[in-house]
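Here is a quick tour for anyone meeting this structure for the first time. Have a look at the sequence and the 3D view, then read on.

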Amino acid sequence: MSFADASPAQIRGALTREVAASFDRQWRELMSRATERLDLTEVHEALDAWRQVAWVTWAHGADVYRRTLASARQRLRTGERADGVVARQQLEVELGLSVSTSR
């Protein structure tokens, strides 16, 4: 499934329950500002970002998405990767791919 042109309702339908609540809050705030400013730029930018979240959630499942978020939170909090997480460079070496020096 492609989320490239997904509507807000389609996006919301692909999200986990807890993430959908964040989507709802942001959507209300954005629509309120858009109404006041007569400008949908922020709405379109947010929809593009949420479409990516919806696709990842749909493609990999809610449990994988939740684990990914938990791992990211741990890394932000501690600076350490979660158990079992491999650095991209290490994975590239293990797969025999050239290691990127620009990332």
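## Aromatic pairs and the helices around them

Going by ring centres within 6.5 Å, the count of aromatic pairs comes to three. One of them joins Phe 23 and Trp 27, whose rings are stacked, with 5.9 Å from centre to centre and 10° between the planes. Keep in mind that this is a predicted model.

Where do Phe 23 and Trp 27 sit? Both belong to helix α2, which covers residues 17-37, and they are four residues apart, or about one turn of the helix. Their surroundings are worth a look too. Phe 23 has a relative accessibility of 3%, so it counts as buried. Trp 27 has a relative accessible area of 24%, so it is partly exposed.

Follow the chain past α2 and you reach the loop between α2 and α3, where Leu 38 is found. Leu 38 has a positive phi of about 55°, although it is not a glycine. With a relative accessible area of 78%, Leu 38 is exposed.

Now for α3, which runs over residues 41-60. Its 20 residues should span 28 Å at 1.5 Å a residue, and the end C-alpha atoms are 29 Å apart, which agrees. The buried residues of α3 are Val 43, Ala 46, Leu 47, Trp 50, Arg 51, Val 53, Ala 54 and Thr 57. What do they pack against? Their partners are α1 (8-14), α2 and α4.

Arg 51 deserves a stop of its own. This α3 residue has a relative accessible area of 16%; anything under 20% is called buried, so Arg 51 is buried. Setting aside neighbours within four places in sequence, Arg 51 is in contact with Phe 3, Ala 4, Asp 5, Ala 6 and Ile 11. Arg 51 and Gln 10 are 41 residues apart along the chain, with their C-alpha atoms separated by 9.0 Å.

Is Trp 58 buried or partly exposed? At 44% relative accessibility, it counts as partly exposed. Not counting residues up to four places away in sequence, Trp 58 touches Met 1 and Phe 3. As for Glu 18, it is 40 residues from Trp 58 in sequence and 15 Å from it in space, C-alpha to C-alpha.

After α3 comes Gly 61, with a positive phi near 95°. Then there is α4, made up of residues 62-78. This helix has 17 residues and reaches 24 Å from its first C-alpha to its last, close to the 24 Å expected at 1.5 Å a residue. Just after α4, Gly 79 takes a positive phi of about 80°.

How do two packed helices get described? For α3 and α4, the angle is about 120° and the axes are 6 Å apart. That makes α3 oblique to α4. The contact residues divide into five nonpolar, two polar and no charged. On the α3 side they are Val 53, Val 56, Thr 57 and His 60, which meet Ala 62, Val 64 and Tyr 65 in α4.

Thr 16 has its place in the loop between α1 and α2. With a relative accessible area of 4%, Thr 16 is buried. Leaving aside neighbours within four places in sequence, Thr 16 is in contact with Thr 57, Ala 62, Tyr 65 and Arg 66. Thr 16 and Ala 62 are 46 residues apart in sequence, yet 6.1 Å apart in space, C-alpha to C-alpha.

Here are some of the residues from the tour, with their relative accessible areas.

| Residue | Relative accessible area | Class |
|---|---|---|
| Phe 23 | 3% | buried |
| Thr 16 | 4% | buried |
| Arg 51 | 16% | buried |
| Trp 27 | 24% | partly exposed |
| Trp 58 | 44% | partly exposed |
| Leu 38 | 78% | exposed |

Notes
Residues numbered from 1 in each chain as written. Predicted model: local features only at pLDDT ≥ 70, side-chain atom pairs only at ≥ 80, totals over all residues. Heavy atoms only, no water. Expected span 1.5 Å × (residues − 1). Phe/Tyr/Trp six-rings, centres within 6.5 Å; stacked < 30°, edge-to-face > 60°. Buried < 20%, exposed > 50% of the residue type's maximum accessible area, 1.4 Å probe, protein only. Contact = heavy atoms within 4.5 Å. Axes fitted to C-alpha atoms, helices over the stretch in contact; angles between N-to-C directions. Parallel < 35°, antiparallel > 145°, perpendicular 65-115°, else oblique. Nonpolar A, V, L, I, M, F, W, Y, C, P; charged D, E, K, R; others polar.
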